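Please open the model in your viewer and keep the selection tool at hand. The stops below follow one another from helix to helix.

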Amino acid sequence: MPRVNIQAVQPDAYAAMFGLENYLAGSEISRELQELVRLRASLLNRCSFCINMHSKAAAEAGAGRNKLRALEDWQSSELFSQKEQAALTLTDLLTQVAAQGLPEQAYQAAQTHYSDTEIAQLIMLIATINAWNRLGISMAEH
């Protein structure tokens with residue numbers, strides 16, 4: 001049975017989501033890092049559509065093939081800078097926020113690499129991709 005297409009039946013909801021994307025496009029977070037964050041959250045959420053989209057977008061933004069492959073287990077990889085690791089830690093924790101919240105240690109680690117503005121932008125980025133993942137998964141036919 002076909003599932004609801006939210007974009008078709010509630011276009012204003014999608015317009016609001018694209019408003020967030022427009023905000024993120026103007027953020028101080030590099031396009032490559034944005035796509036790595038989007039891809040990592042999509043991997044955790046198992047959103048196939050988003051994984052495909054953001055794998056391509058991350059490659060176009062400059063992420064190398066090895067880095068893309070390593071993203072599944074980024075904690076064991078030496079390909080990610082400390083700054084990227086801080087963003088990916090936030091991504092993991094906020095994507096799975098019910099597990100342990102956002103521990104102070106992870107937040108402080110992010111503060112060593114990012115300004116308050118950039119942390120706010122990262123949090124908005126992570127919240128936005130998680131919303132997109134949930135939309136994509138809820139509308140996908142199984």
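Which residues in helix 6 meet which residues in helix 8? Select Ala86, Thr89, Leu90 and Leu93 in helix 6, and you will find that they meet Ala106, Ala109 and Ala110 in helix 8, where contact means heavy atoms within 4.5 Å and helices are DSSP runs (H or I, at least four residues) numbered from the N terminus.

Before moving on, note that this is a predicted model, in which local features need pLDDT of at least 70 and side-chain atom pairs count only at pLDDT 80 or more, while totals for chains, interfaces and linings use all residues. Residues are numbered from 1 along each chain as its sequence is written, and side-chain values use heavy atoms, with hydrogens and water left out.

**Helix 6 against helix 8**

Show helix 6 together with helix 8 (residues 104–111): they pack at an angle of about 145°, with their axes 9 Å apart, the axes being lines fitted to C-alpha atoms over the stretch in contact and the angles running from 0 to 180 degrees between N-to-C directions. The residues of this contact divide into six nonpolar, one polar and no charged.

**Helix 6 itself**

**Helix 3 against helix 6**

On the side of helix 3 the contact includes Leu33, Leu36, Arg40 and Leu44, and on the side of helix 6 it includes Ala87, Leu88 and Thr91. The residues of this contact divide into seven nonpolar, three polar and four charged.

**Helix 2**

Finally, select helix 2, whose buried residues are Tyr14, Met17, Glu21 and Leu24. Seen down the axis of helix 2, these residues fall within an arc of 65°, so they line one face of the helix, the arc being that of the directions from the helix axis to the C-beta atoms. Turn to the face away from this buried side to find Asp12 and Asn22, which are exposed (over 50% relative accessible area). What covers the buried residues includes helix 1 (6–9), helix 3 (31–45) and helix 9 (116–139).

Conventions: Buried means under 20% relative accessible area, exposed over 50%, partly exposed in between (1.4 Å probe, protein chains only). Helices (H or I, at least four residues) and strands (E, at least two) are DSSP runs, numbered from the N terminus. Ala, Val, Leu, Ile, Met, Phe, Trp, Tyr, Cys and Pro count as nonpolar, Asp, Glu, Lys and Arg as charged, and the others, Gly among them, as polar.
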